[in-house]
Amino acid sequence: MAKITSLNDLRKIKDDLQEKIRLRENAESPESMAQIKVGMATSGIASGAKEIFNFLVEELDKRNVSAVVTQTGDMGYSYAEPTIEVTLPGQDPVVFGYVTVDKADEIIEKYIRNGELIEGIIPANYKTIDD
Amino acid sequence: MATFKYHLLICGGTGCKASDSDGIITSLNKEIKEKGLENDVKVVTTGCFGFCEKGPIVKVLPDNTFYTQVTPGDAAEIIQEHIIKGRKVERLLYTDPETENHIADSKHMGFYQKQIRIALRNCGFIDPENLDEAISRDAYMALGKALTEMTPQEVIDEIKKSGLRGRGGGGFPTGLKWEFASKNEADQKYVVCNADEGDPGAFMDRSILEGDPHTVLEAMAICGYTMGADKGLIYIRAEYPLAIKRLKIAIDQAREYGLLGKNILGTDFNFDIELRYGAGAFVCGEETALIHSMEGERGEPTFKPPFPAESGYNGKPTNVNNVETFASVPVILLKGADWFSSIGTEKSKGTKVFALAGKINNVGLIEVPMGTTLREVIFEIGGGIKDGKKFKAVQTGGPSGGCLTEKHLDTPIDFDNLIAEGSMMGSGGMIVMDEDDCMVSVAKFYLDFTVEESCGKCTPCRIGNKRLYEILDKITKGEGTMEDLDNLKNLSNVIKDTALCGLGQTSPNPVLSTLDNFWDEYVAHVTDKKCPAGACTDLMNYNIIEENCVGCTACARACPVNCITGERKMPHHIDQAACIKCGTCMEKCKFNAIELI
Amino acid sequence: MANIKLTIDNKVVEVPAGTTILEAARQNNIHIPTLCYMNLGDMNIENKPGGCRVCVVEVEGRKNLAPSCATNVAEGMVVKTNTVRVLNARATVVELILSDHPADCLICAKNGNCELQTLAQDLGIRKISYQGEQSTYREDTSPSIIRDVDKCIMCRRCETMCNDVQTVGALSAINRGFEAVVATAFEQNLEKSTCTYCGQCVAVCPTGALTEVDHTQQLIRDLADPNKTVVVQTAPAVRAALGEEFGNEPGTLVTGKMAAALRRLGFDHVFDTDFAADLTIMEEGTELLGRLNKFLAGDKNVPLPILTSCCPAWVNFFEHNFPEMRDIPSTARSPQQMFGAIAKTYFADKIGVNRKELVVVSIMPCLAKKYECQRDEFSVDNDPDVNYSISTRELAHLIKQSNMDFNNLPDEDFDNPLGESTGAAVIFGTTGGVIEAATRTAYEVQTGKNLENVDFEQLRGFEGIRSATIDFDGTPINIGIAHGLGNARKLLESIKDGSNKFHAIEIMACPGGCIGGGGQPLHHGDSSILKARMKAIYSEDENKTLRKSHENPYIKSLYEEFLGEPLSEKAHHLLHTHYFDKSKNDIFID
Amino acid sequence: MSSVKVKLKKTDIDKLAEVCKSFNNEPGELINVLHKAQEIFGYLPSEVQEVIAHELKVPVAKVYGVVTFYSFFTMTPKGKFPISICTGTACYVRGAEKVLDEFKKELNIQVGDTTADGKFSLSCLRCVGACGLAPVVLIGEKTYGRVAPDDVKQIIKEYMDQ
C-alpha cells in the first residue's frame, strides 16, 4: 500500500473501501433503506429463488441502490413461488409472487427506486414474515 | 472482487476468545469451504460486542441475526440452516429473560436498545486488524480535517465546546487539558494514552483497544497536533496481550499508510507512537505515577503542581488522557461539538461506557448517554437481577467509588451526580449486588484491593487503609465494637482529607458510602453479631433442624472436632462453641437437616 | 520575583512568589510541624516527598487539606494551620505512624533525639486509636550502621541522601503499600551492598531506624581494665560540634573541655588526630610533589590528579564505583590510621607497652571510620592499629553517663608527643581544609619560599564542587574540591572524560566535610549549624601559632627519631596503603 | 523476600546485556528491560537484576525497588502450570474467593507459591475482562469460566499427569 498523502486521497480510498462493508453499514440502519426478503425454503429454492437472490444482491450493488437483501424461510405463499417481500422505509411490507429475473429487475427500478406499485403483488394476509 | 452476501461477525475480544471464539472461526471457515460458499460468505473477527454474558457471539449480516453462546460445533448448523436454507438457528438465539421469547435481532434486545455507541462505535463491527475496514468507517478522517482545515486552537475549541470530560475517573474537561499542554513551550512534548486499566471489573479500555485501535491512534495524533507534540506513548498493561498485539498491528499499518510518521497526509505534521508497558500497579492509573513508571521508576505519584502539562515525561510537557476519552475525540471533530453536546446532561456530555457485572443477567460492556438512570442500566439493559433475587446495591467507580442503593436508582448517571451521592464515575465499573451480598464484606473487598495496590508513599494510604481493612475484618468476624464504627468514620474522613493522590483520597469511599447507606447492617454485625445477608461465615451457625434429622449419625461421624452429639435415630445437636464452621456436616447430611443461619 | 500576599492564621503576610506555605509560615513565626520534609538549603539538598502528611493545612476553597511543604503560595490564599480539622488530621496521621512503630522509646538509641517522639509529644498524643499489624523486618548490623527497619516511617530522607546526594545507591524504597520500606537490594545486609558507611542516612533519619554501631560499652570495659593502656585520638571536626550536645550554640569550640573530659573518663593518654593530620600532609604532600615534578618534567604517564585519601567513605566509594581509577588517589592512609600505626609502634615502644595491650580509640565525626579501622590491611597479627572508633554522639553519651558537668570542665591540653598539631591539621575537619593544608606545605617545599598568607580563601566555601588555581611561584597548580559523594562522582566523571585537568583534588564524602559527618550531633536539617561549625574550625586554625604541618616540632622529631623521611620505606610500610576493586563483588559469573 | 539462588551462565549474561543494549542501556527503559528479562527467564532472580543494574548503570537497590513495586514481576519461578485466579470484582461477587480457597486447599500452597514438584503455582489476577464468564481461572494460556469450587479437583487432575 502506498502512503496516503492527502486528505482527498484518504477520502477517495474511504469511498472505495466503503463498498466492502456496505453490507454491514446497511445492516446498521435497516430502517432507512429497502429491505428485501427472499423466501428460500426448499420449495423456494426449487422454484429458482436462489437465482433471484443472487441477482438482487449483485444488481442492487451494481446500480448503487441501498437495500438489504436477506433470505428467509417459507413465506406461506407456496403457490406463488418464488416470492419476495419488500419493505420500503416507513411503509408496510409488500409481497411479490412468481418473481423472475425480469420481474426482479422491474421491482428494483420501479418499486424500490420510485415507489411505483407494479403487478404481481400478493394480497397481504396481515402478517409479516417475522411474525 | 466478490460481493459477499453474508458477513459473519465473530467477537475476537478477550472474553469470547477465552470461550474459544477462534475455534468457531476455524469451524465456520471449514464449513464455508466445504459448501463452496467462499465467495458468498465472509467471516470477520471483530472486537467486543459488549454482551459478554452470552459470549461467544456470532452476528450474521445483513439480517442482524445475533447468535449467543456459540460453540465450534454449532458452525455446521449455522451454515447449513441459516446461510443455505435461510432458517434461523432458533436454539442459538437470545432468549428474553422476561418473555422467554427468542429474539433474533440485536436491535430488539433490551441490552442494546438504550445504548448509543460513540466510543465503542466500531467495536464488534470492523476487523480491528484491518486498517481498510477502519478507513471505510472514517478512521483518520478527523485527523485529516484537523490538519488541513483547522488550526490547533480551533480543534481545542471544538473539544472544549463539546464538553468532553476525561473518562478515566477524574472527569476533567479534556479541551482545557489540551489547552494547558499546548501553552507550555518546549523543544519536546508528549501525548500519553493511559491504557493501564486497573479497576477490578472494568474492561472498556481493553475492549476499545482490541476492537478499534485506530481510533485511539488517530485521537492521539490529533492531540499531538493541538499541543505541538510529535511523539505519543501508550502505557498499556502487560496483562493485555491481545490489545498489545492489535495495537502493534495498527501502529504498523498506520505507519505503512503514512497516517503515522513524517508529513502526515502531506502536511508538515509529524507524529509517531510507541508502546510502554505497565507491570501491574493500579496506582499507575494516576498520571504522575504513570509518568514515573514510564521513566523506569517506581510508580509513585508526586504532588501536583507541577502538572504533567508543565513537566511530565522526562520533564517535558505531557498530556495524558485515557483510552475512552481519546476514542470519543474523532467523532466529535467529524460530527461537531454541537452534536456531541446534544447528548448527555448539562455538565456531562456525550456517552459513557460501563462494564456491567455482578449479580445481573446481562453482564457486559455498554455505552449509554450521560444522564441514563441506574434503573435503566440495571433493569432494562442489564436485564435485572440474576435468579430473580432482590436488588441491593450497585457499586460504581471501582475502588474509588461507593455503593448506591434502591433510592438512587432514578438518579441520572453523570460525573457530578455520582459524586454528590458519595460515589464516583471512575473508569466505569458497575457491579450489581443482590440480597446475598454483605455490604461490610464488599467494603472489605475494596479495601483489600486498595491495601494491595497502595504505593505506600503517604501515611494515610499506607497505614490508614490497612487499619480500615483491619477494622472491617474485625467487624465481619463479629469482633467489632461501636467505637470501631466511629473510628472507621474518622479514619475514612482523614484519609480522604490527607492522602497524596487520587487513589488514596478516594479509597475510603466504599467504606463511607456503605456506612451511610447500610448503617444498620454494620450495627447488626457489631451488636447482634449477625450478618443480615448471610455472607459472613464467622457470624453464621450450623444448626440441625430437628424435624428433618433422622439420627443417622453421618454428621457426627464426619465432624472433625466431634462437636455433634445425639443418640442414634434421635435428633442430633451441634455444640456451637466448639464448632469450627467447616461445613462438613452439611455436606454429609442426606436429609437436608442442617441449615446455616 | 513578585511578592504574593496571603493570609495565614488570620495574619496577612507577604512572601516572594514560589515560596511554599510552610516557608511562608516559618518566615512569619508560625511553626507548622513537619516530619519527612528536610531542606539543607545551602547545599541544595531537599527531601520533599509530601509523604508523611503531618504538615497539612487548610486552604480556603480547596476540598482536601494541602501539604504545606509542597504547596506554593498564591495571591489571596487563605491558610489555616490549626483548625480542629487540621489538628485532628495531623494527630490521626501521627497515630497511624505510631500504630506501625515499635513502642520501645525508652530503650531506643534515638530516645530524646527522635523527631517522631517530639512530634507525638507536641501534638499531645495520649493514645493510639488504630491498632493493628506491625511490620517486622530483620535487624541488620554492619561495621558502622545498624538498620532497624521496623522503625522506618518512609520519610525517604535516607533514600534522598543515599541516592540523590551521595549517589551511592545502597538504599531504595522497596515493596509497596503497607509493606513498603526503605531497604537494601534484596534486603541483604548493608555489608553486601555498595554502602560506603558515610552515615549520611543516619545523620538525617528522624527515628531509630538508622543508628550507628555503638562501641561505648566496650570502651567503658577497656578503660576499667588495669592491664590495658588506653589512648584516644580526637578528630578535628569533633571539637567544633561536641558542645552542641551540651546545650552550647553551634560553632562553640570545646577543644579544651573535651580533652579534660577524656582525661576524666580514664584515658591514659589523650592525643589528637590532628597530629596525624600533620603527618598526613607530610606524606601526601610529598607524594603530590613527587608526581607533580615528574609530570612537569615531561612524564605524561604520571597518574594525576592526585586525590586525597583521608576520607574512608570516599575510599569505599571509588573502590565500588571507580575501581579503574584506583591508582590515582594518594596511597597515604587516613590520619586515623596513621595515628594508629604510629601509636602502636613508635609510641608503644616509647612507653614500653606491647601493642596488644595498647588500646587505641578514636573519636570521630564519622561512621565510616568504624569500618575503616576494621579493614584487614590496618591490622598486624589480628591486632588493629585503631581498635575501634566512637562517634561524637557516642562521646557525648559517655560524658553524660559519667556524671560530668561538661560545660564547667576546665580547658586542658592534649598530651604529648601525639597531641601537638598545627592549624593546618585542624582545617581537615571542613571541606577544602585538607587541600589547603597540603598547599601550605607543598608551596614552601616546592618553591623554597616562605608563605606569607596561609589563608587560601579561594579554596573555602560551601559550593559542592569548587576549583582554584594556585600560583606556585610561576607554576599554576589546578586544584579541585568536592564534598558530597554525588559531587565527587561528577568531578571524577569530568576527569575521566578529560574535560577537567586538575593536579590535585580533595574529596570529602559528607556535605560540608567532616563537620557534617554521619557521627556528628544531629543537625535535623538545619544547614546553619554546619556553617557555624565551619567557622569554628577556621577560627581554631587562626588562633594557632603554627599553621603549617611541616612546622610541627613533634612531626619533625618523629621523622628524625623513627621514620627517616616522608615516603621512606618505613613510612611506606606504616603510613601508606593500597586499594581494591569492589565493583565485581555483586555479580555472579559462572 | 523469597528468592532462588542461581548462578548465571556467561551466555545468560550476554543475553541480558544484549537486551539492555537493544534499549540503548537507557536507565529509563528499566521496566521494559525487566519485562524482556522475565520473558527470557520466567522470573527475575537477584542475579538477573544485578546484571541489569550493572548494564543500565543504576543501583541494584533501585532495580530491586522497582521489581518489588510491580506485581507483574516475580522473583520466584512459576510452576509448569501457573494457575491464576481472577479476583476482579465481578469474579469476587460470583464466588472467586471460594474457588481460590479450594485451589489453596487442593494444592496445599498459598498465593504466590509454587508446589514442591514445581508443577503448579498459584496467583491472583486483577480483572482479566472475561466478566461474563465469572469466576474465571487461567491455567497457562487456557481459560476456565464459571468455575465452581467443586470443579477444582477435576481441573487440577487434567494437569496432574502432564
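**Notes on the predicted multi-chain model**

1. Starting with chain B: the C-alpha centres of its domain 1 and domain 4 lie 46 Å apart. Bear in mind that this is a predicted model. The domain assignment for chain B runs domain 1 (6-109), domain 2 (131-340), domain 3 (351-434), domain 4 (439-528) and domain 5 (541-596).

2. Now for who touches whom. Four pairs of chains touch, and the pair with the most contacts is B and D. Chains A and C share no contact, and their closest C-alpha atoms are 46 Å apart. Chain A doesn't touch chain D either; there the nearest C-alpha atoms lie 25 Å apart.

3. The B–D interface deserves a look of its own. On the chain B side 35 residues take part, meeting 30 residues of chain D. Three elements of chain B each put at least two residues into that side: helix 1 (14-18), strand 11 (351-358) and strand 15 (429-434). If you sort the chain B side by class, you get 15 nonpolar, 13 polar and seven charged residues.

4. On to chain C as a whole. What does its radius of gyration say about the overall fold? For 590 residues a compact globule would come out near 25 Å, and chain C has 25 Å, so the two agree. Along the principal axes, the C-alpha atoms of chain C fill a box of roughly 75 × 60 × 55 Å. Of the 590 residues, 55% count as buried.

5. Chain C has 18 helices and 22 strands. As for its contacts, take those in chain C with a separation of 6 or more: 74% of them come from residues 24 or more positions apart.

6. Strand 13 (residues 229-234) of chain C and strand 14 of chain C run parallel, joined by four bridges. Within that pairing, C:Val232 stands opposite C:Val270 of strand 14.

7. Staying with strand 14 (residues 269-272) of chain C: are its faces covered or open? Both are covered. C:His269 and C:Phe271 sit on one side, with C:Val270 and C:Asp272 on the other, and all of these are buried. So C:Val270, the residue opposite C:Val232, is one of the buried residues of strand 14, and C:Asp272 on that side is buried too, by the criterion of 20 or more other C-beta atoms within 10 Å.

Definitions and conventions:
Residues are numbered from 1 along each chain as its sequence is written. Chains are lettered from A and ligands numbered from 1 in the order in which they are written. This is a predicted model: local features need pLDDT of at least 70, side-chain atom pairs count only at pLDDT 80 or more; totals for chains, interfaces and linings use all residues. A residue is buried if 20 or more other C-beta atoms lie within 10 Å of its own, exposed if 12 or fewer, and partly exposed in between; C-beta atoms are placed from the backbone. Two strands pair if DSSP finds at least two bridges between them. Domain bounds come from an automatic or database domain assignment. Two residues are in contact if their C-beta atoms, placed from the backbone, lie within 7 Å. The radius of gyration is taken over C-alpha atoms; the globule rule is 2.2 Å times the number of residues to the power 0.38. Ala, Val, Leu, Ile, Met, Phe, Trp, Tyr, Cys and Pro count as nonpolar, Asp, Glu, Lys and Arg as charged, and the others, Gly among them, as polar.
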